[in-house]
Amino acid sequence: MPRRKDIKKVLMIGSGPIVIGQACEFDYSGSQACKALREEGYFTILINSNPATIMTDPGMADVTYIEPLTVEMVTKIIAKERPDAILATLGGQTGLNLAFFLMKRGILKKYGVESIGASVSAISCAEDRELFKKAMQEIRVDVPKSGIATSLEEGMKIGLSIGFPLILRPAYTLGGSGGSIAYNREELEKFLVKGLETSPVHQILVEQSILGWKEIEFEVMRDASDNVIMITSMENVDPMGVHTGDSIVVAPAQTLTAEEYNNFVNLSKRIIRRIGVTGGGANIQFAQNPKNGNIVIIEVNPRLSRSSALASKATGFPIARVATKLAVGYTLPEVMNQITGKTTSFFEPTVDYCVFKICRFTFEKFPCAQRVLNTSMKAVGEAMSIGRNFKEAFQKGIRSMEISRFGFGCDGKDKVTDEELKKSSNGLIKLIRDKIRVPNDERIFYIRYALKAGLSVEEICSLSNIDRWFVDNMKELVEIEGEVFKCRNNKSDEEIKLPLGLLRKAKENGFSDRQLAFILNSKEGKVRDLRKKQNIKAVYKLVDTCAGEVAAKQPYYYSTYETADEARPSKNKKVIILGGGPNRIGQGIEFDYCCCHAAYALKEEGIDSIMVNCNPETVSTDYDTSDRLYFEPLTFEDIMNIIELEKPFGVIVQFGGQTPLNLAVSLLKAGVNILGTSAESIDIAEDRKRFKHMLHKLGLLQPDNGTAFNFEEAKEVAKKIGYPVLVRPSYVLGGRAMEIAYDEEALEKFIKDAAEVSGEHPVLIDKFLEDAIEVDVDLIGDGETFVIGGILEHIEYAGVHSGDAAMSLPTYTLSEDSLHKIRKATYEMANELSLVGLMNIQYAVKDDKVYVLEVNPRASRTIPFVSKAIGVPLAEIATKVLLGKNLKDLGFTKEIIPKHVSIKESVFPFNRFPGVDVILGPEMKSTGEVMGIDKDFGRAYIKSQLAAGQKLPRKGNIFISVRDRDKRQVIFVAKKLVDLGFNIYASTGTAQALDKSGIKVKVLPKIAEGRPNILDLMKDGKVQLVINTPSGRIPRQDEIKIRSHVILYNIPYTTSISAAQATVSGIEVLLKNDLEVKSLQAYHKKRKK
Amino acid sequence: MKAILMLEDGKSFLGETEGLKGERIGEVIMNTVVVGYQEMITDPANADKILVLTYPLIGNYGCSPKFNESDNIWLAGLVIKEKSRIFSNWQAKESFDDFVKRHNLLSLYAVDTRTLAVHLRQKGSMLGIISTNCFEAKELLAKIKDFSKNKPLGLLAKISTEKKKQLGLPGKKKIAILDLGITNSIIRQLESLGLSLTILPFNTTAEDILRIKPKGLIISGGPEEITELEKVAENIRPLIGKVPILGISSGNLVLAIVLGVKLNKLKTGHRGVNYPVQSPCSFKGEITVQNHAYVLDPGSLLKIKGLKITSYNLNDRTVEEIESRKLKILGVQYAPSSPGFNEVHNVFNRFMKMLGRN
């Protein structure tokens, strides 16, 4: 059927900021959808609050709104733009929920907007547990048995009829609290009593436990003519009990028989038909009892999901693009398969390789959080790897994770050494067993230790419930490691004695040169030389959707060790762009955004772009972003293999964040041409001594500082420069292990952590400038001309990591004099470093003095935000500069200071880590960002808060408790709030200060001293906003409790006085006028050519 | 033990074998299926072929008698990338290795099957020889040449049932099945329709078929041995128009031969589980299992009165299904496999309709 002509305008909803569980896969699917819609000539309207996305680039949609994703704002956009249809299946759960609420409130009906992709009934059927259960029973698909009990007797009856083990979930408790597993009658009784008490409505869900079952997923697509295809199956290596977003996953499923596979296919078809998806995709999750093959359905997502992004990248099938075409009426046979260029989308992709997905965690950022995986997702990113067997993909996957591991252990980074394993003390064996039994992010490494310590495959399987096929594959790797070990050198400078057959076998099973060098007591370079001499080289195979059956037009590549190379390096001039690897805190979508823009710019310049990345969630790993895509880990070995094959003119390292920048030096040493700012200049910026020297030469200020390798040295430095001091390791991103020490005691503790992270480099110690204003400057240069992209003023005072701080562009409190000093310093340093490309400088302004904190000679996290605020694609221009163009010719020679205000705000994953304090500090903790844009600061700020999910109140009660230093400033804040009609509650100390200034305030007792206390009020929903600044270095117990309740009950909060001030001015705006929406295109109208 | 696969065109691939020694010659074909290795190697349609599986990990879930498509492995040889050393599935009764050894299948593993598959795609399927004892190109190529000159006949006699067999429910609607290499999964589907099934040897004559008074005849799929299929065609010619006939895969080729439709051989054949077919008058299509190298020539087909093409392969527009109400013929080139547990492919329902109520 041809595309629908009754639709002209389509509204697309994005997924908002990157949070755990909803990452940049929705930028990938959303931008594919935008392209697919515009290809068909539809007028496309996009809303998303996340500026770091490719989809919000002005060229992607006809009209782009960077506005909060709330029903109110979307309604305003609908009223203004009057779309005919809304496509909500590509914006994750956020997009789907918004569409659902728009429907429920009658807004879609009122404006005559149709929900395409998934009908409202399909969404309800998949989302509403009762409807879903009923629908599944209708088509004879089993759901886990369960019942709701309101009394002990009832619960016992339900429980005993289902059988043990049972999962008990008290109703309406937050974050699954109070849930438990009962293995016997006694436990069932005990937990029922407890659970009924915990539940505010005295209800408890008693459910059949499917812990340890296999978790199998299917990606399914269906069109309006009822054509259904399976994209791929996926098997979770971690069984049920670990969230699939945290699980190690392989595609296709490895341990299903053909009969089982067909049954899953058949069930999937029945399910997608019953749910009623009539033009789009769905992800279906099953659990299968490994002992008898029984299958139950876990859930259905009638939308694009994280798994569909993975399925897309694993098979080459562009699910989002095809789903969009189906949503506007096409059938599968009418949509071409762009990878093969010959077949249609009505076929099922088949693969001739094994795909492995592994998740990236950042527990190190939240030391108080339990390092345990369960049904609440905790991963912040993922890496995908491809190999000709599981073992190769597995090892490549581990080294893709950017946790400085080079495969399945034996890389010199193992926590438990071989000697310890040989001894295998009882304590160690117990630890290993525990680490295998309870899912955690290090489990696979403990499986290796277990195998080395002689535990049997059977025991490991029964401890972990991981299928023995996977465990045995891991065992094979340990065996190969053992074989290689037999050829170990006595001295590291000896010739390598490894037989060629074994070397080849090791490479075919994914061992990196680095691992082999470690096992053999040799050097990585030596292993590499030997390999090259013996012609054991990586070859490249294709992801072509068809296992080689059709010659593919637009495939992508993965490396393996086989006989023939299928890579097709072109003769054109070409440039390699190194991507950023898996998302993690400190390195996210912003860098992928820059890499994509580099590819676009290269295309414009007629140069072949070659992308190297391993993150399946990204736009950069889409098949049509670059001319050639290598789905590979970002390690020296893997990159050099590609460079030697492609022989590019140059390599871009400054866009992918710290990952590629860290490789710059070794690549340079290997003779690679690094484009942009010279390695010499990079070294000046990164080397403390040389940097200091440069500042001195230019007459610029820097906080007093020094370096140290241990506590003794650190103590000396701190004494000299005076407390408080900022302690941080060298060469890290996201403020890893960065802390502010107010005294010697704290210094000692921090130095230890920092030294560990820093490794062979010294720990840096800076004088901490309390209450200074921090400023971020992004600029671009071509070696001669330098232009500031944006000067961003932090809203929080110094001490909050720039990745976490809210920022305003233009600045809003800095004096003209300070700004002048900042500009002057910026241009002087750019000139001194002969900047070519992008650079980010951080300043602190205190008492009208401007201090240089840091210079990063690479694209910064704020590039996409600044680009959108000023309406200039900085990364694209920077790429052209890297290729030798100058800024004058490119027409960007003057700093743009926009009339409107743009605010960047960060979002945090605190709700995933119960018990972690929400205070911000020098270590970055945010996962994503939003942008608020409007004509003045107040409006822009409130939009940024709404977009970040803060439900700021218009009336009600506000609790204030601030440290002594902030008491003077909080008076103004409180007074304004009273004027706006709010009631103020305060802690004793704060109340005294407010009372003195004549502000009416209710005093609340300390938590231990009386009730109702603040916690009671929060629980009862009587507090609408909490303003709480930490009292000092060691926060008081009360404060921690208050702040953890804020997260638990989702109450808006601020933890700094400056943010409180901004919030109050925002609330004022909210009360006085209605917020309006304005598109990016309208903001930047004048600047258009 | 090292072993070699030498192709007719001189290209060779090294691999390894275990246990069995010797040489096997056959047409080298590739199949892109991910699961179903046991079904694949026991399918009589692959008889005498050297089968290359493009999916690199084989044996993961072991083997079990219930997955057999026939009682034997009919392959000349098997070529794979990696053989799993263990198996893991609750239904598995033995390892893939044991299964293969028990059936004396010469299997070559550790082969760069991707490169082999791409080579076959480019050059078309061709003869090849697997050898464990000779690695001399000249000698091996001579053997291939010799084989192609004196191709052994009588494959259908080996595969087909020797005697008439009765299956299904006696007394119910009677269907005759001409066994050119029928698979267990097709029989299971027919059984679930509650029919009385008479399985007949491949060379049963038209009179003998009419004598058992079937309501309909199914000509099963099997190896595409055109010379032998031509003989079967001669046998059943008198039945056209008298008994409703369903031709499956090579059975459909038999129908084509009877009707005078030209056969074309594809360069590489359709072999996998992901082939889309679509009726020319509908937007609705179907993903099918296919395992055939021959297709019906549409030009010569459309000259026959009353014969219609009811499905095309969407990838290359070849004919996948024909029907004639007048001649009471239904023919599918694809394999009408069960869509799932205890379910029946729609083509069997359509054939039942053609048979009418009685």
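This is a predicted model: local features need pLDDT of at least 70, side-chain atom pairs count only at pLDDT 80 or more; totals for chains, interfaces and linings use all residues.
**Exercise 1. The domains of chain B**

*Solution.* 
Step 1. Look at the contacts. Here 18 residues of domain 1 of chain B contact 19 residues of domain 2 of chain B.
Step 2. Find the elements on the domain 1 side. β3 (23-31) and α3 (113-123) of chain B each supply at least two residues of the side that touches domain 2 of chain B. The largest share, three residues, belongs to β3(B).
Step 3. Sort that side of domain 1 by type. It holds eight nonpolar, six polar and four charged residues.

**Exercise 2. Chain B against chain A**

Which element of chain B gives the most to the side that touches chain A?

*Solution.* 
Step 1. 39 residues of chain B are in contact with 48 residues of chain A.
Step 2. List contributors. α3, β15 (263-278) and β16 (285-296) of chain B each bring at least two residues to the side of chain B that touches chain A.
Step 3. α3(B) gives the most, with five residues.
Step 4. Sort by type. The side of chain B that touches chain A has 17 nonpolar, 14 polar and eight charged residues.

**Exercise 3. Strand β20 of chain A**

Decide whether the residues of β20(A) are buried or exposed, and find the partners of this strand.

*Solution.* 
Step 1. Check the cover. β20 (residues 608-613) of chain A has six of its six residues buried.
Step 2. Pair with β19(A). Five bridges join β19 (residues 574-578) of chain A to β20(A), and the two run parallel. I577(A) has M611(A) as its bridge partner in β20(A).
Step 3. Follow the chain. From β19(A) it passes through α21(A) to β20(A), a right-handed β-α-β crossover.
Step 4. Pair with β21(A). β20(A) and β21 (residues 628-631) of chain A are parallel, over four bridges.

**Exercise 4. The nonpolar core**

Which residues touch the most other members of the largest nonpolar core?

*Solution.* 
Step 1. Name them. In this core of 453 residues, they are M12(A), I577(A), V727(A) and Y843(A).
Step 2. Find the top contributor. Helix α21 (residues 589-604) of chain A supplies the largest share, 11 residues.
Step 3. Inspect one member. Among the residues V727(A) touches are M738(A), L747(A), F750(A) and I765(A).

Methods. Residues are numbered from 1 along each chain as its sequence is written. Chains are lettered from A and ligands numbered from 1 in the order in which they are written. A nonpolar core is a set of buried Ala, Val, Leu, Ile, Met, Phe, Trp, Tyr and Cys residues joined through C-beta atoms within 7 Å. A residue is buried if 20 or more other C-beta atoms lie within 10 Å of its own, exposed if 12 or fewer, and partly exposed in between; C-beta atoms are placed from the backbone. Two residues are in contact if their C-beta atoms, placed from the backbone, lie within 7 Å. Ala, Val, Leu, Ile, Met, Phe, Trp, Tyr, Cys and Pro count as nonpolar, Asp, Glu, Lys and Arg as charged, and the others, Gly among them, as polar. Two strands pair if DSSP finds at least two bridges between them. A crossover is right-handed if, with the strands pointing away from the viewer, the path from the first strand over the helix to the second runs clockwise. Lists of a residue's contacts leave out its neighbours within four places in sequence.
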